[in-house]
Amino acid sequence: MTWLLLALPLNALNEQDQAVIDRVTAFYGERAGKRMIAWRQLLTSVSHQQEWQKLEQVNRFFNQFSFLNDIEIWGENDYWATPFEFLGAAGGDCEDFTIAKYFSLRELGVDDQKLRLVYVKSLKLNQFHMVLAYYASPSEVPVLLDNLDPDIKPATERRDLLPVYSFNGSQLWLMKQQGQGQLAGKSSRLKRWINLRERFDAQKLARPLINLDQP
């Protein structure tokens with residue numbers, strides 16, 4: 001993904017960004033630090049753009065990463081990596097792609113009410129999958145950011161996905177077709193989501209079983 005590094009402006013990093021970059025670099029290695037720099041520069045470079053451009057750039061950036069099952073990279077059946085861990089490891093599963101995109105768009109000022117992390121069933125793969133949904137307005141059909149399909153498309157065009165439930169920073173919904181779904185309670189019911197947010201805030205890092213940066 002060196003082409004993306006070269007394409008980004010060399011914006012100055014603030015002290016907080018630099019401290020996190022140094023921490024990730026020390027833990028995962030120099031190439032992980034470069035990915036962190038590219039991520040921070042990306043967020044700076046698109047911060048004043050329209051929301052659709054933010055969606056496209058964030059989706060494009062993270063879809064360059066490698067897909068690996070949790071058991072392969074983290075040694076657990078279902079591990080939700082923080083964006084720092086995903087960037088450090090250079091790969092992860094569908095949940096890690098979706099989580100990294102969600103946190104990036106939230107930092108770019110996209111309202112939490114416009115975003116949902118959606119569990120779906122991939123009919124083609126016959127397995128559960130996660131995507132990020134963006135609602136331009138509450139009544140509109142959402143568009144989906146997905147690592148399986150690089151193009152951002154309306155949910156109505158993704159007949160290969162069957163929605164199950166979705167959540168964001170505060171709420172949990174049971175899904176009905178491609179619509180809004182039925183409010184089912186607080187997202188605090190999702191223990192992995194709460195644990196993820198706590199680890200992200202504390203900048204805790206886990207070491208992957210494999211090093212994708214080694215040739």
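**Notes on the predicted model: pocket, strands and cores**

1. Let's start with the pocket. In this predicted model, the largest pocket holds about 290 Å³ of space. A pocket here is an open set of points, on a 1 Å grid over the protein atoms alone, where a 1.4 Å probe fits, with protein on both sides within 12 Å along at least five of seven lines. Its volume is the space filled by probe spheres set on the points, which are joined across faces, edges and corners.

2. Before going further, a word on the ground rules. Residues are numbered from 1 along each chain as its sequence is written, and side-chain values use heavy atoms, with hydrogens and water left out. Because this is a predicted model, local features need pLDDT of at least 70 and side-chain atom pairs count only at pLDDT 80 or more, while totals for chains, interfaces and linings use all residues.

3. The lining of the largest pocket has 16 residues, and Asn-69, Asp-93, Cys-94, Gln-127 and Phe-128 are the ones nearest its centre. Two or more lining residues come from each of α5 (70-73), α7 (94-107) and β4 (127-134). A lining residue has an atom within 4 Å of a point. Helices (H or I, at least four residues) and strands (E, at least two) are DSSP runs, numbered from the N terminus. β4 gives the most, with 3 residues.

4. Sorted by class, the pocket lining has 7 nonpolar, 4 polar and 5 charged residues. Ala, Val, Leu, Ile, Met, Phe, Trp, Tyr, Cys and Pro count as nonpolar, Asp, Glu, Lys and Arg as charged, and the others, Gly among them, as polar.

5. Buried means under 20% relative accessible area, exposed over 50%, and partly exposed in between (1.4 Å probe, protein chains only).

6. How does β4 pair with strand β3 (residues 115-122)? The two run antiparallel over 8 bridges, with Leu-115 opposite Tyr-134. Strands count as paired if DSSP finds at least two bridges between them. β3 and β4 make a hairpin with 4 residues between them, and Asn-126 in the turn has a positive phi of about 55°. β4 is also joined to strand β5 (residues 143-145) by 3 bridges, again in an antiparallel arrangement; here Leu-132 has Leu-145 as its bridge partner.

7. His-129 lies in β4 and counts as buried at 4% relative accessibility. Leaving aside neighbours within four places in sequence, His-129 is in contact (heavy atoms within 4.5 Å) with residues including Cys-94, Val-118, Asp-146 and Leu-161. The C-alpha atoms of His-129 and Val-164, 35 residues apart along the chain, are separated by 9.8 Å.

8. On to the nonpolar cores. The largest has 51 residues, and Phe-62, Leu-105 and Trp-193 touch the most other members. A second, separate core of 8 residues includes Val-118, Val-131, Ala-133 and Leu-161. A nonpolar core is a set of buried Ala, Val, Leu, Ile, Met, Phe, Trp, Tyr and Cys residues joined through side-chain atoms within 4.5 Å. Beyond its neighbours within four places in sequence, Leu-105 is in contact with residues including Lys-54, Val-58, Leu-115, Leu-132 and Leu-145.

9. Arg-40 sits in helix α3 (residues 30-46) and is buried, at 10% relative accessibility. Asp-112, in the loop between α7 and β3, is buried with a relative accessible area of 11%. With neighbours within four places in sequence set aside, the contacts of Asp-112 are Tyr-102, Arg-106, Asn-168, Gly-169 and Ser-170.

10. A backbone point to check. Most residues other than glycine have a negative phi. Ala-90, in the loop between α6 (83-89) and β2 (91-92), has a positive phi of about 70° and is buried at 8% relative accessible area. Gln-203, in the segment after α8 (191-201), has a positive phi of about 55° and is partly exposed at 25% relative accessibility.

11. Finally, the overall picture. The protein has 8 helices and 9 strands, and buried residues make up 48% of its 215 residues. Among contacts between residues at least 6 apart in sequence, 58% join residues at least 24 apart.
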